[in-house]
Every structure is written in C-alpha cells, then in structure tokens.
2 protein chains.
Amino acid sequence: MENKEKGSKEKQILAAAEQEFLTMGYDGARTTSIARRAGVTHAMLHYYFRTKEQLFERIVDEKFSTMSHSMFAIMGDPSLPVLERIIGGVESHFDFVAENPLLPRFVINEIVARPEHCDILHKRIAHVVGALYRELQLEIDRAAENGEMERVDVRMLFISIMSMNIFTFLAYPFMEPLMGELMADREQFLKKRKAENVETILRRIKKQKDAV
Amino acid sequence: MENKEKGSKEKQILAAAEQEFLTMGYDGARTTSIARRAGVTHAMLHYYFRTKEQLFERIVDEKFSTMSHSMFAIMGDPSLPVLERIIGGVESHFDFVAENPLLPRFVINEIVARPEHCDILHKRIAHVVGALYRELQLEIDRAAENGEMERVDVRMLFISIMSMNIFTFLAYPFMEPLMGELMADREQFLKKRKAENVETILRRIKKQKDAV
DNA sequence: TTTTGCATTAACAAAATTGTTAGACAATTC
DNA sequence: GAATTGTCTAACAATTTTGTTAATGCAAAA
C-alpha cells in the first residue's frame with residue numbers, strides 16, 4: 001500500500017467531493033475536478049464509487065443527516081424554562097449553521113432538483129419533528145397560560161428562527177458589498193447578527209403590556 | 001414571416017430560457033431543452049444568441065434588475081409615518097417575492113458561482129441603496145428620539161425583513177412536508193406568514209415598557 | 001425580376017464529461 | 001514461492017452537450 005491508512009484515497013475523494021458538490025452543486029461539479037482536488041486519477045474515482053451519482057448520494061446522505069441534527073438543535077434544552085429554552089435554541093441553531101454555512105444552499109437546491117430524493121429525509125424526520133413540535137407547543141401553551149409569554153404557534157416560530165439564522169449565511173456574499181462597514185469584519189458581524197436574531201425572537205414571544 | 005409579431009421566436013426562446021435557468025441554474029440548464037420548450041430547433045437558439053453564456057447573460061441582466069426593484073420595495077412609502085412606512089415595506093417586499101418566488105435562489109446561486117458577475121449589480125445599486133439607508137436611518141433616529149419606536153440599525157432591520165420574507169419561499173418545498181396542515185393550503189399559509197413577519201418586525205421596533 | 005438579407009433547417013463537427021478495460025504492481029494468503 | 005486479491009494507471013470508448021455550416025426558402029427592396 002502506498003498510503004499509510006487504509007482507505008485513505010477513498011476518504012480523500014469523499015472530502016474533495018463534499019467540497020465540490022457543496023459549492024458547485026451536482027450539475028456544476030466535475031468528476032475530473034473532484035479527482036484532481038483529491039490528488040488521484042479520475043479512473044480512481046470511478047473505481048471506488050462507480051458513478052458520479054453514487055458518489056453524490058454518499059454526500060447527500062451525510063449532509064441530510066447533518067441537516068436533521070440542526071432541526072434538533074433548534075429545539076433547545078428541555079430542562080430549561082421555556083423562554084430560556086427557546087433562546088438557547090436560537091443560539092445553538094445559529095452556531096450550527098455557522099459551522100455548516102454551505103449546507104442550507106445545498107439542501108435547498110437539492111430539494112428543488114430532486115424532490116423524490118428528499119422524501120427519504122422527510123420520512124426520516126417528519127414524525128420525530130412532529131413529536132417535538134407538540135411537546136414544545138404544550139410548554140408554550142402552559143407558559144402563555146401563566147402570562148409568562150405570548151401564545152404563539154411553535155411552527156411559525158421555528159420558521160422565523162430558521163429564516164433569520166440561515167438567511168444570514170445564505171445571503172452573506174450578496175449583502176456584504178451593500179452593507180458598508182457593518183459586515184466588513186465577518187466575525188464581529190456574525191456576533192451582532194446572532195444577538196439581533198435572539199432579540200427579535202425574544203420580542204416576538206414576550207408578553208406585551210399593550211397588545212397590537 | 002411565419003410568426004405574426006417580429007421577433008416572436010426570439011421572445012419565445014427568452015421566455016423558455018428564463019424558465020430553464022431559474023429552475024435548473026446555469027449548469028443544469030440545457031440549450032436543447034430550452035429550444036424544445038420554446039418550440040424551435042436548437043440551431044435557432046444559437047442563431048439568435050450565439051452561445052449559452054450570452055443567452056444566460058440576457059436573463060441575468062433582467063433578473064438582477066428585477067432584484068434591485070425588490071430592494072426599493074422594502075424601503076416603503078416615504079410619505080408615511082416611519083412606523084407605517086416600515087410595515088408597508090415589509091408587506092410590499094413580501095408581495096414582491098411572492099410574485100418572483102424563484103428569484104432569490106437564482107441570485108444566491110449566481111452570486112456564489114460567479115461573484116465577478118455580481119460586482120456589476122452591486123456597483124449599480126450600492127450607492128443608491130446607501131443613500132436610502134441613510135435617509136431612513138435619519139427618520140428612525142428622529143422617531144426614536146420622540147419615543148415613538150426603538151432605536152435600531154436600519155441595515156440590521158432590512159436583513160431581518162429580507163430573511164423572513166425570502167426564506168419563506170426559499171424553504172417552502174423543504175418545510176411543507178414537515179409542517180402538517182399549517183402549510184397544506186399555500187395561499188392561506190402565505191397570508192399567515194406575511195402577517196407573522198409583519199408582527200415580528202413590528203415588535204422588534206416598538207418601544208418596550210420594560211427594556212430587555 | 002433580380003437581388004439582398006434575414007430566418008430556418010438538417011446535418012455535421014468539436015469539445016467536454018463520464019464511464020470502461022486491460023493490465024501492472026504490490027501485498028496478503030496458502 | 002505461487003496464487004490470489006485489491007489498488008492503481010493509462011489509454012480508450014461512449015455519451016452528452018454545445019456550437020457551426022451549408023443549403024433553402026421567403027419577403028421586401030431595387
């Protein structure tokens with residue numbers, strides 16, 4: 001064996017494929033380019049994965065799995081009081097997306113291009129997500145009963161949270177040149193943005209003195 | 001001439017290309033498929049537009065122009081009091097995206113794939129957008145001074161508005177199977193979602209009795 | 001009527017991309 | 001050490017996709 005670790009080339013190809021598919025999409029990706037990135041001949045790629053499609057499926061599987069984790073991050077820590085729980089959910093979801101900034105675009109594109117592909121993902125998580133919704137909704141209703149927060153539909157709340165957290169990264173390259181100094185320092189901007197998202201959600205669910 | 005209107009085939013091709021590029025992206029689009037959609041031979045397509053790239057540029061130009069309109073919709077009506085102005089901005093931006101639901105994904109993908117392409121767009125709107133920001137920020141500061149609303153950074157506010165409005169359509173196909181009856185009726189859901197976005201932004205900018 | 005020029009088609013050419021195969025080579029097993 | 005197995009390469013084949021061209025028709029101008 002050339003390579004110290006067994007399966008090293010296979011792993012190199014997978015890593016290169018992940019990069020390529022996440023940035024270029026299925027259609028934009030080139031098997032030759034993946035092979036080049038991985039430092040192997042392109043025959044090698046076909047040797048290990050047979051076809052571009054099969055290689056892609058491997059990446060999709062892994063990424064969909066990562067994706068479903070993010071849905072759970074958003075649920076927050078059930079041991080906390082509901083208000084802190086939601087805020088914690090916003091923060092951990094934001095951090096999750098920050099660590100996987102290319103994931104949302106990939107998933108969104110994939111779902112449009114190959115909806116049938118995604119049925120698998122949906123079936124895998126739909127009922128779990130549904131159960132979690134119901135559980136958190138009960139908590140919210142209880143807290144609302146006690147006047148601790150506004151009564152809201154948890155699904156709407158989740159959409160808002162995902163919207164603000166995910167869009168931050170989706171649109172970063174588009175916004176950056178339009179926002180002047182605000183986005184010049186990425187780290188600092190992300191910190192501010194996270195705080196802004198928390199604040200926005202917090203105000204959405206806090207009991208208001210004067211109803212709208 | 002076969003066709004009544006001059007340039008009919010050219011227009012047919014453009015319409016087909018718009019459909020194809022918006023849904024499939026540059027890499028996914030096929031010139032033969034565009035020609036088929038348009039009901040012309042694919043040689044015809046090359047006759048009118050020479051290359052796939054040139055045809056694509058035509059679509060990009062038009063779509064980027066549409067895009068910049070949406071940035072102005074979000075500014076609201078300057079003749080209104082600032083609070084109504086912002087709410088009106090949220091609503092008209094939502095409506096705009098609802099009428100161009102494929103646009104955001106197209107722009108986001110394009111900006112990642114061909115950043116240099118987008119410099120043109122940015123240069124075209126950066127200073128106009130900048131001026132509008134400053135104008136609205138002044139209004140906000142004045143209103144905040146009078147205790148009519150919270151003092152907020154208008155750029156952050158815009159990001160929040162765009163996030164929630166755009167993400168609704170970006171993620172619709174992903175969310176729909178996870179949300180049960182909430183999203184079953186698209187029209188009704190969009191109405192609810194628009195109201196939710198308005199409510200969320202409104203609460204973000206309303207003066208609170210007890211600060212956070 | 002002849003000419004000019006655009007629109008159109010079918011057939012073809014070129015390029016890019018994916019996928020295959022026969023065989024070399026090294027390591028492992030028997 | 002011979003046979004076997006899995007890894008790897010180079011060259012090639014097939015397919016898909018884009019782009020070209022030469023020939024034809026047709027409408028308006030001269």
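This is a predicted model: local features need pLDDT of at least 70, side-chain atom pairs count only at pLDDT 80 or more; totals for chains, interfaces and linings use all residues.
Chain A consists of ten helices and zero strands, where helices (H or I, at least four residues) and strands (E, at least two) are DSSP runs numbered from the N terminus. Residues are numbered from 1 along each chain as its sequence is written, chains are lettered from A and ligands numbered from 1 in the order in which they are written, and side-chain values use heavy atoms, with hydrogens and water left out.

The elements of chain A run α-α-α-α-α-α-α-α-α-α from the N terminus on. The C-alpha trace of chain A spans about 70 × 45 × 35 Å along its principal axes. Of the 212 residues in chain A, 52% are buried; buried means under 20% relative accessible area, exposed over 50%, and partly exposed in between (1.4 Å probe, protein chains only). Contact is defined as heavy atoms within 4.5 Å. Among contacts in chain A between residues at least 6 apart in sequence, 66% join residues at least 24 apart.

Helix α8 of chain A covers residues 154-170. The helix has 17 residues and reaches 23 Å from its first C-alpha to its last, close to the 24 Å expected at 1.5 Å a residue; the expected span is 1.5 Å times one less than the number of residues. Because 17 of the 17 residues of α8(A) are buried, this helix is largely enclosed by the rest of the structure. The N-terminal end of α8(A) is capped by D153(A), a side-chain oxygen of which lies 2.7 Å from the backbone nitrogen of R155(A).

H93(A) is placed in helix α5 of chain A and is buried, at 1% relative accessibility. Its side chain makes a polar contact with the side chain of N165(A) at 3.0 Å. A polar contact is a pair of N or O atoms within 3.5 Å; within protein, one must be able to donate a hydrogen and the other to accept it, and residues adjacent in sequence count only if both atoms are side-chain atoms. Not counting residues up to four places away in sequence, H93(A) touches S70(A), A73(A), I74(A), I161(A), M162(A), N165(A) and I166(A).

The contact between the chains takes 51 residues from chain A and 51 residues from chain B. Chain A and chain B bury about 5,400 Å² between them, 66% of it on carbon and sulfur atoms; buried area is the accessible area (1.4 Å probe) that two parts lose on being put together, summed over both. In chain A, M156(A), F174(A) and R203(A) lose the most area to chain B, together 15% of what that side buries. Across the interface, 22 residue pairs are in polar contact (both at pLDDT 80 or more). On the side of chain A that touches chain B, at least two residues each are supplied by α1 (8-28), α4 (52-73), α6 (103-113), α7 (115-145), α8, α9 (172-175) and α10 (186-205) of chain A. The largest share of that side, ten residues, comes from α8(A). The residues of that side divide into 28 nonpolar, eight polar and 15 charged. In this division Ala, Val, Leu, Ile, Met, Phe, Trp, Tyr, Cys and Pro count as nonpolar, Asp, Glu, Lys and Arg as charged, and the others, Gly among them, as polar.

A salt bridge is a side-chain nitrogen of Lys or Arg within 4 Å of a carboxyl oxygen of Asp or Glu. By this rule there are 29 salt bridges over all chains, and the count between chain A and chain B is six. The side chains of E150(A) and R203(B) meet in a salt bridge at 3.1 Å, N to O. R203(B) also forms a salt bridge with E199(B), the closest N and O atoms being 2.6 Å apart. R203(B) and E199(B) are four residues apart in helix α10 (residues 186-205) of chain B, so about one helical turn separates them. R203(B) is buried at a relative accessible area of 4%, and E199(B) is buried at 18%. Salt bridges that share partners join R85(B), E135(B), E139(B) and R142(B) into one network.

Within chain A, the side chains of E135(A) and R85(A) meet in a salt bridge at 2.9 Å, N to O. E135(A) lies in helix α7 and R85(A) in helix α5 (residues 82-99) of chain A, so the pair ties together parts that are 50 residues apart in sequence. E135(A) is partly exposed at 29% relative accessibility, whereas R85(A) is buried at 2%.
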